[in-house]
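Let us work through some exercises on a protein structure together. Have the sequence and the 3D view open, and try each task before reading its solution.

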Amino acid sequence: MDGSRISKAHPRAAAIGDVDEANSAIGVALLHVKDERHRAMLGRIQNELFDLGADLATPGEDFAPGEMTLRIVQDQIDRLEGEIDAMNEEMEPLRSFILPGGGAGAAHLHLARTVVRRAERMAAAAAEHVSLNPLALIYINRLSDHLFVLARLVASGERGDILWKPGATREA
């Protein structure tokens, strides 16, 4: 963002690429999510992922947003957390691990969640080498939780959660 160059192998570049991939995975999920409220949440998230990519790409120690500097801010994290809480209120508490799936929309959201988790790991790795906005790291962590809860909610309108059955295929 400041014109400096880094290697494509640099953890910052990898994190930015993973955020871009996550955004694309959400775009695919949107093809299968029908509820307009859920689609609106995902649309906001896609826009914020561009903000996140810009934030990760901006070197420096000052993480305050500015006219020419996009930074993730606490309000974006608060909105994600509020949406997580609201979605959780609509469902029964989770009593088991679940397998990714439950219908096309849910399965694609689970895939997007795993890509976000990878982006989070890469951002954490980059933060070991360069200064990154701490709120960007919190946002990406909360986003994977958001996508998990949304996948469960979408699955409830599709085929439901697919529960993990520990050891189900072992021989006796």
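A residue counts as buried when its relative accessible area is under 20%, as exposed when that area is over 50%, and as partly exposed in between. Keep in mind that this is a predicted model.

**Exercise 1.** Find Gly105, decide whether it is buried or exposed, and list what it touches.

*Solution.* Step one is to locate the residue: Gly105 sits in helix 4. Step two is the accessibility: Gly105 has a relative accessible area of 0%, so it is buried. Step three is to look at its surroundings. Leaving out residues up to four places away in sequence, Gly105 touches His32, Val33, Val154 and Glu158.

**Exercise 2.** Classify Ala125 by its accessibility.

*Solution.* Begin again with the place: Ala125 belongs to helix 4. Its relative accessibility is 24%, and therefore Ala125 counts as partly exposed. For a distance, take Gly160: it is 35 residues from Ala125 in sequence, and 35 Å from it in space, C-alpha to C-alpha.

**Exercise 3.** Work out how helix 4 and helix 5 are oriented towards each other.

*Solution.* Two packed helices are described by the angle between their axes and the distance between the axes. Here, helix 4 and helix 5 pack at an angle of about 170°, and their axes are 9 Å apart. Angles over 145 degrees count as roughly antiparallel, so helix 4 is roughly antiparallel to helix 5. Now sort the residues of this contact between helix 4 and helix 5: there are 17 nonpolar, four polar and four charged ones.

**Exercise 4.** Describe the largest nonpolar core and say which elements build it.

*Solution.* The largest nonpolar core has 40 residues, and Leu52, Leu109 and Tyr139 touch the most other members. Two or more residues come from each of helix 1 (11-30), helix 2, helix 3, helix 4 (104-127) and helix 5 (134-156). Helix 5 gives the most, with 11 residues. Next, pick out Tyr139 in your view: neighbours within four places in sequence aside, Tyr139 is in contact with Ile45, Glu48, Leu49, Leu52, Ile72, Gln76, Ile77 and Leu80.

**Exercise 5.** Trace the polar contacts around Arg71 and Thr58.

*Solution.* Start with Arg71, which lies in the loop between helix 2 (36-57) and helix 3 (74-89). Arg71 has a relative accessible area of 5%, so it is buried. Its side chain makes a polar contact of 2.7 Å with the side chain of Asp55. A polar atom of the Arg71 side chain also lies 3.4 Å from the backbone oxygen of Thr58. Move on to Thr58, in the loop between helix 2 and helix 3. With a relative accessible area of 12%, Thr58 is buried. The Thr58 side chain reaches the backbone oxygen of Ala54 at 2.7 Å.

**Exercise 6.** Which residues does Met87 touch, not counting residues up to four places away in sequence?

*Solution.* First, Met87 is in helix 3. Its relative accessibility is 2%, so Met87 counts as buried. The residues Met87 touches are Met41, His146, Val149, Leu150 and Leu153. Finally, compare sequence with space: Met87 and His146 are 59 residues apart in sequence, and 8.9 Å apart in space, C-alpha to C-alpha.

Conventions: Residues are numbered from 1 along each chain as its sequence is written. This is a predicted model: local features need pLDDT of at least 70, side-chain atom pairs count only at pLDDT 80 or more; totals for chains, interfaces and linings use all residues. Side-chain values use heavy atoms; hydrogens and water are left out. Helices (H or I, at least four residues) and strands (E, at least two) are DSSP runs, numbered from the N terminus. Buried means under 20% relative accessible area, exposed over 50%, partly exposed in between (1.4 Å probe, protein chains only). A polar contact is a pair of N or O atoms within 3.5 Å; within protein, one must be able to donate a hydrogen and the other to accept it, and residues adjacent in sequence count only if both atoms are side-chain atoms. A nonpolar core is a set of buried Ala, Val, Leu, Ile, Met, Phe, Trp, Tyr and Cys residues joined through side-chain atoms within 4.5 Å. Contact means heavy atoms within 4.5 Å. Axes are lines fitted to C-alpha atoms, for helices over the stretch in contact, and angles run from 0 to 180 degrees between N-to-C directions. Angles under 35 degrees count as roughly parallel, over 145 as roughly antiparallel, 65 to 115 as roughly perpendicular and the rest as oblique. Ala, Val, Leu, Ile, Met, Phe, Trp, Tyr, Cys and Pro count as nonpolar, Asp, Glu, Lys and Arg as charged, and the others, Gly among them, as polar.
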